Amino acid sequence: MTTPEVRTRAVRLGPRSLAALCLVSAVGVAGFGWPLFADPTSQVAAHAQDAPWLFAGLLVLLVAVVTATISESGLGPKAVAMLGVLAATGAALRPIGAGTAGIEPMFFLMVLSGRVLGPGFGFVLGSVTMFSSALLTGGVGPWLPFQMLAMGWFTMGAGLLPGPDQLRGRGELALLAAYGFCAAFAYGTVMNLAGWPFMGALASNVAFDPHADVTANLARFLAYCVATSLGWDLGRAVVTVVLTLALGAPLLKALRRATRRAAFETPVTFEPR
């Protein structure tokens, strides 16, 4: 005799939440990528030193996404509590190693959480976790909205991976490890792009040149990434892979059990095994 398998749906993005997410993502893409596409004679390039404070307004939009998702998805007290527990756990993991040599174990937790809880909850969790960890470590500054947005994308991407209901076991762990490896480099690259334009005071051939074309600046940026953060990004990627493969199976099981108990969004349904 087989027992039915309990399944619940993860938190979904409603229309308002989706609109807020698209808006903040569009502003974020512009905030990260403007150095490569701004006209050298434009006012944006002329006031590059003011840009971090201007783009700090992303923080307001990110808070709007979090608020809209929580209110629109109808999260119950258990689900909100789970969000808080996971965010607090991720925030507590971040100071371990303090990013030294890329030892950042919080990333593997974000990958697994996004996989189980879906892209909507994943984006909220990634953003809230980064905000909480910044408060914990004193890392609040004009870079924080960029970190929240990048971590939200990082966690949301795990929720968009294929086969959330069918793929299990070693195949799922391999998929998550591969995603974590690539996304760890993507996160580091995106965050480099947020700070790279403001090192103009450094006389270097890898610094942003507002008078150069896109190709030249892109070459400078890639050289900057290799020279400054490749080792950290590689360490982050390797740690994420190792922790995912070593601890992924029991943690995925625990997260799925907690998701069922939190009863996200819809009534529980039963499917025969």
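## Helix contacts, a salt bridge and a surface patch

The side chains of Glu-172 and Arg-115 form a salt bridge, with 2.9 Å from N to O. Glu-172 belongs to helix H8 and Arg-115 to helix H6 (residues 106-137), so this pair ties together parts that are 57 residues apart in sequence. Side chains of opposite charge can pair when their charged atoms come close. A search of the whole structure gives 5 salt bridges. The model is predicted.

Helix H8 also packs against helix H9, at an angle of about 115° and with the axes 10 Å apart. The crossing of these two helices is right-handed. On the H8 side the contact involves Thr-189, Asn-192 and Leu-193, and these meet Phe-221, Tyr-224 and Cys-225 of H9. By class, the H8 to H9 contact has 4 nonpolar residues, 2 polar residues and no charged residues.

| Helix | Residue range | Residues in the H8 to H9 contact |
|---|---|---|
| H8 | residues 170-195 | Thr-189, Asn-192, Leu-193 |
| H9 | residues 214-228 | Phe-221, Tyr-224, Cys-225 |

Which residues form the nonpolar patch on the surface? The patch is made of Phe-181, Leu-234, Val-238 and Val-242, which together have about 320 Å² of accessible area. Helix H10 (residues 230-262) gives the most to this patch, with 3 residues. Val-242 is a patch residue that lies in H10.

Notes:
Residues numbered from 1 in each chain as written. Predicted model: local features only at pLDDT ≥ 70, side-chain atom pairs only at ≥ 80, totals over all residues. Heavy atoms only, no water. Axes fitted to C-alpha atoms, helices over the stretch in contact; angles between N-to-C directions. Helix = DSSP H or I, 4+ residues; strand = E, 2+ residues; numbered from the N terminus. Left-handed = near helix turned anticlockwise from the far one by under 90°. Contact = heavy atoms within 4.5 Å. Nonpolar A, V, L, I, M, F, W, Y, C, P; charged D, E, K, R; others polar. Patch = residues over 30% accessible without salt bridge, like charges linked within 9 Å, V, L, I, M, F, W, Y side chains within 5 Å. Areas by Shrake-Rupley, 256 points an atom, 1.4 Å probe, with all protein chains shown as cover. Salt bridge = Lys/Arg side-chain N within 4 Å of Asp/Glu carboxyl O.
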